[in-house]
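Please open the structure in your viewer and keep the sequence at hand. Each stop of this tour states what to select and what is found there.

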Amino acid sequence: MAKARAPRRPLESYTIKHINKTIKAGDCVLMRPADQSNPQYVARIEQIDADARGGNVKVLARWYYRPEESIGGRRQFHGSKELFLSDHYDVQSADTIEGKCAVHSFKSYTKLEAVGNDDFFCRFEYNSRTGAFNPDRVAVYCKCEMPYNPDDLMVQCEGCSDWFHPACIEMTAEDAKRLDHFFCESCSSEGQNKLQNSHSTSGPSDTKVFRLPCASILFAELLISKGLKSFSENVGGAFMPLPVCTV
């Protein structure tokens, strides 16, 4: 007869001695990668348990993926500290946790006065089996019609309130930082083209939308069959329809 597995008991929290940090469910942590040349994994702790004697502590980890680990890969609009909350769970030894970190909402991250090494942000959930994102679309800005990357400087038109990358309006970042007023080409025809000292610091407001990579070409074909105007770009086997509507 096979020996019955000893029951495990849940823990509300656990102190990891080698880093002197206490973790609990809901905390985001940095975990040791199998290959030490890779960056630390980022996970959200869903559950902690131990054996009957309180040893052999395990955590149920829900993994965050970096953009380059997704099916579509890293895109121009992905921030350097961006993560996707995946549907991938694993049970791991608590001893593999190397530190705690903060994964902010996109809105909260853009309001940070300073971004530390252990600060990240997440604006999408990611299905690791299909490559689908939730939400599957995001607002776009500028003449290039790309989603907002918080690492990039943008200036806001005082006429239409759209945001622009300096390079897209033939301006250097240094010139953009000295702006006091800015009107885009469309709005400057009204005689409001004023370029002076310092840029606006608030974040972009929603305008058009950009569909995120879909794991199947069938999704893009469905959009076209419904009469939506789209342009599909092949990205590593996935298709990304560009802006299809305004909101």
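The model is predicted: local features need pLDDT of at least 70, side-chain atom pairs count only at pLDDT 80 or more, and totals for chains, interfaces and linings use all residues. Residues are numbered from 1 along each chain as its sequence is written, and side-chain values use heavy atoms, leaving out hydrogens and water.

Select residues 13-16 and 21-24, the antiparallel strands S2 and S3, which are joined by 4 bridges. Strands are DSSP runs (E, at least two residues) numbered from the N terminus, and two of them pair if DSSP finds at least two bridges between them. Ser 13 lies opposite Lys 24 in S3. In the turn of this hairpin, Asn 20 has a positive phi of about 55°.

**The core.** Next select Tyr 14, Ile 23, Met 31, Ile 48, Val 59 and Ile 97, which touch the most other members of the largest nonpolar core, a group of 23 residues. Such a core is a set of buried Ala, Val, Leu, Ile, Met, Phe, Trp, Tyr and Cys residues joined through side-chain atoms within 4.5 Å. Buried means under 20% relative accessible area, exposed over 50%, and partly exposed in between (1.4 Å probe, protein chains only).

**The salt bridges.** A salt bridge places a side-chain nitrogen of Lys or Arg within 4 Å of a carboxyl oxygen of Asp or Glu. Select Arg 8 and Asp 49, whose closest N and O atoms are 2.9 Å apart in such a bridge. Asp 49 is buried at 16%, whereas Arg 8 is partly exposed at 29%. Finally, select Asp 87 and Arg 129, a salt bridge with closest N and O atoms 3.2 Å apart.
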